[in-house]
Amino acid sequence: MLQAGISLIFFVTFILYTLLGIYSINLHSRALLNRVFSLLCLCFAIWTFAFALSNSYNSSVDALLWRRAASLGWGAAFSVVLHCTLILTEESRVLKLKWIYAVLYLPAAISVFAFGLFGKVAVRQYNLVKTAAGWGNIPLNNFWDIFYDIYYLSFSLIALGLLLRWYKRTESRTKKKQALFLIVSVFAAVVFGTISEMVANSYLSTKIPSMAPIIILIPVTAILYIIKNHGLLQSSDKGKLYQEGIILSNEKHSLFIRYIGIIFFIGSVLNLLHYFFYNEKLVTVLLFSSVFIFMGVFILVLPVMQLSNKTEEAILTVLIIITIIITLIRFLHIYASNIVWPIPLIFMMITIIFNNKKMFLSIASVSLVTVIWSWYDVPELTIQVGMLDYLARIVLYGMCTILAVYINNTYILRLKENEKQVQFQEMISSISTSFVTVTGGNFDEKVMELLKKSGCCTYADRSYIGMFQEGQKRVRITHEWLGEGMPQVASSENGFDSAGFTWWGGQLLQNKIVFIPSIEALPSEAEPERELMKSRGVNSLIFIPISNKDKVIGFIGFDKIVNLKAWRIEDNELLRVLANIMADAMTKVEVEKEMNYLAYYDALTGLPNRTLLNNRLEQAIQLAGRIEKFVGVIFLDLDGFKGVNDTLGHDWGDNLLKQVGERLANCTRKYDTVARFGGDEFLVMIPQASQVEDIEAAAKKVMEAFSRPILINEQEFFISTSAGIAVFPQDGEDGNTLVKNADLAMYHAKNNGKGQYVFCSTVMKDNVLERMTLTNSLYRALERNELVLYYQPQVSLKTKEIIGLEALIRWDHPELGRIPPNVFIPIAEQTGLINSIGEWVIRTACSQNKAWQDMGLKPLKMAVNISVEQFRSGGLLNIVRKCLEETSLEARYLELEITEGTAMKESEYIVGALQELKALGLEIAIDDFGMEYSSLSRLKDLPIDRLKMDMQFVSGIAVDSKAESIVTVIIKLAKRLGLKVIAEGVEKEVQVNFLEQEQCDEVQGFYYYKPMLKEEAQCILVK
């Protein structure tokens, strides 16, 4: 009986090792420590299983056979122990050496070969002795025993040394506790195991069976404790969702399959009890129990195989069918047949929760066929139901009850999960709808709403937003919601340094969800995180990373502090929806900020732009009006900025603008506004000035900022600026007026010589007003017939006859009266009206000249002035040709006058245009000759007929000898070039005599005729 009891202890130990190995590999199938530890459990399981069978035999031959089989376990176990210790103590550099594996496992291979596989040698290594408790072994102390003892003791001592070194080296309290437990337990196992296997049977008279596999339960028990309380083995983080129409989630499906595997283990143990109730052979009972164990092991490792749920259920169906058949056949002819008949019903109950019709029909069909076959094989069986049978029935009913309760709870749990899903979806829908309208103004309110709703939905005591700062070295809590009665977590600046929290920081930065169900579940490397959670009273937490542009920028945190309820959310991955909502909201607010920045700030200099300046200026004006203060506007335009762009390029020009913006910002007060108005224009607003002198002092300071050179591309540039100043209220009572008048004053500063500032004045404003009035009126002058031509005759000094007339335009304004050409012609050139006005002048002059010819008057040439803008428009040739054709005037009677500046300074296209005009047959004269810089080489290339001497030189005759000399030179120059000369502004007889003496060809002036209307000119021509 004692022998059977020891055998059963070995078998139960085998079950424990098997379950522990399967548990570790299920916990994390890819973790190296978990894999090696599972291999270690497999070695112990083989060892104890073989010892259970060996100890149950009475024959020494059978016992020896299973002893040799046990060497597969104990022969390799201590190599695996050392390998596992190297991984646990973080000796990764040692494991990177390829030869180390030969050192580790060569002694194991030799031991297994010598004590198990090589028959001739293996048989001679055992000296079995029968005891009341089973088979023991007396050591032979031969070569192989000594080899194994050295291998076993040396590897065990090396493992203890590594654990001791790990204990001293590690700074983690958790790891120190783990190391201490392992050191004590392994040392005890080595000591007691050595006494049991090497000392007791060698020196004691009473022999004992080998107890080493049971003694090894000491470190295994310590490992179980460390796994539970300190997270020794790694666990995989799997968040599983329920699938529509499926009762079990993927995670629950795997869990339920493991429960079925455990049922097989329970069946194995119940079968062992059969030995005591029905007096069967122990070996037979152990072998049948082993079948259940191996089937249970296969079922338990199904979830690790990464198979689909349907494949797992198909394999499970086959194993259940085999179990039903062999169970009913085994117990058909013995008394236990009255107990096992409900087993098929139990398995059919199991199929309900899988919601698999094929699985149910298969098991039900096989069960029915097996029962029918049992009826056929044993049509009648008389049994006596005793107390033990009732106890067995109670156990089966208890299992059925537990199973029914589990299935019922699963259905209820699923209903609750569905309810949770619905509530979660409602929460997400509500938050998503709310965040549709998120803006920078209501962002904080929306985020607090999200934290409150999600915190209540997940049963959290605290929810918050943490944002990474300083290159992800620090976390700042930007928003926080606390459950009712929850104290605010005390922290420096409402955040903490994240550099020391590498465990959860690393997971977050890899965009992984951090879930800590309890402080005890933290791994050993998360000691800083454990201390932080303890210091803040946090029992459990979830971090959901927030990503923006493929970069983790923060997280949503949920803490449990005093709430005893479990987390409401089953799958933490669902919470990523909240993180995505937050990321989208942050992006939207960021875009809004960027748009606002672009709308109110200059992209190049970062200064306020025109829009923001106008807003601030209007506010400053309103305030100044109430408190009777002044507001100054300084309008700045850089002098010669185009030269910088042309010399260094636009990139360096932009660099200059940035530096100018920085200087202006540095030389003004904090409450002043420096804005970039556009291009190279800047504007400075001086609000709430007590007197105008304060504004002038600010202007001087601004101008002084340009006294220092600006360094661009390692070159110094001295750049100046012209500034105009307008002051509220005298220069305008609104922002637009002030800016306009400051701009007006700036142009006056440029005209005065640049590099200075000028205050806006009443005269400036009046001139602008007058100019604006003239500009507006000029657009309607033609259609209202306000323009009129005057004609001034040109006289030959030789014959004293009229040889031509010059058409002179005048503007008779209905309100302002006669407007001289020097006033409105520049306006016409700037507005582009000069083209239409010029065409009207040519057509009118040609038409009048032709009309006089048709009257029989002597044909004369008609001179018309042409502006440079008419050349630039590109249509002058066509206009002249068209006017000549429409009026039928011969081209030789039309003369076009251009100024000297136009002829000498404009680009080559002017020469080409003059040549095309000359080709029509008309004459070309240079007006105001002598007033501009003339190039003789350019003069000889121009297709001109006449030089028109400026009146300034004519007025100097008989007054200034130098003027007389210039007149003489111009006449002689024209003669040498074959050109005729006409003198303008001749008003005195002495001037006529001098010009006649110098052989000037023609004159024009008041001495002979004033400009006159066509009627008066006609009368003179008729005479």
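## Salt bridges

A salt bridge is a side-chain nitrogen of Lys or Arg within 4 Å of a carboxyl oxygen of Asp or Glu. This is a predicted model, where local features need pLDDT of at least 70, side-chain atom pairs count only at pLDDT 80 or more, and totals for chains, interfaces and linings use all residues. Residues are numbered from 1 along each chain as its sequence is written, and side-chain values use heavy atoms, with hydrogens and water left out.

The whole structure holds 28 salt bridges. Lys750 pairs with Asp639, and their closest N and O atoms are 2.5 Å apart. This pair links distant parts of the chain, 111 residues apart. Lys750 sits in helix 26, and Asp639 in the loop between strand 9 (630–638) and helix 23 (641–648). Helices (H or I, at least four residues) and strands (E, at least two) are DSSP runs, numbered from the N terminus. Lys750 is buried at 18% relative accessible area, and Asp639 is buried at 8%. Buried means under 20% relative accessible area, exposed over 50%, and partly exposed in between (1.4 Å probe, protein chains only).

Lys948 is in strand 22 (residues 946–949) and Glu806 in strand 17, 142 residues apart. Lys948 has a relative accessible area of 1% and is buried. Glu806 is buried too, at 2%.

Glu923 bonds with Arg946 in a salt bridge, with the closest N and O atoms 3.2 Å apart. Glu923 lies in strand 21 and Arg946 in strand 22, so the pair ties together parts 23 residues apart in sequence. Glu923 is partly exposed at 23%, whereas Arg946 is buried at 4%. Shared partners join Lys861, Glu895, Glu923, Arg946 and Glu1002 into one salt-bridge network.

## The second largest pocket

A pocket is an open set of points on a 1 Å grid over the protein atoms alone, with protein on both sides within 12 Å along at least five of seven lines; a cavity is a set where a 1.4 Å probe fits but cannot get out; lining residues have an atom within 4 Å of a point. Grid points are joined across faces, edges and corners, and a volume is the space filled by probe spheres set on the points.

The second largest pocket has a volume of about 1,000 Å³. It is lined by 38 residues, with Glu806, Leu808, Pro821, Asn865 and Asp927 closest to its centre. The lining divides into 17 nonpolar, 11 polar and 10 charged residues. Ala, Val, Leu, Ile, Met, Phe, Trp, Tyr, Cys and Pro count as nonpolar, Asp, Glu, Lys and Arg as charged, and the others, Gly among them, as polar. Elements that each supply at least two lining residues include strand 17 (802–813), helix 29 (834–854) and strand 21 (923–929).

## Cavities

There are three cavities of 30 Å³ or more. The largest cavity has a volume of about 100 Å³. Of its 12 lining residues, Tyr464, Trp504, Leu532, Arg536 and Asp559 are closest to the centre. Nine lining residues are nonpolar, none polar and three charged.

## Backbone features

The peptide bond from Phe728 to Pro729 is cis, with omega near 10°. Pro729 is in the loop between strand 14 (721–728) and helix 26 (735–751).

Gln999 has a positive phi, near 65°, in a residue other than glycine. Gln999 lies in the loop between helix 37 (989–997) and strand 24 (1002–1004). Gln999 is exposed at 56% relative accessible area.
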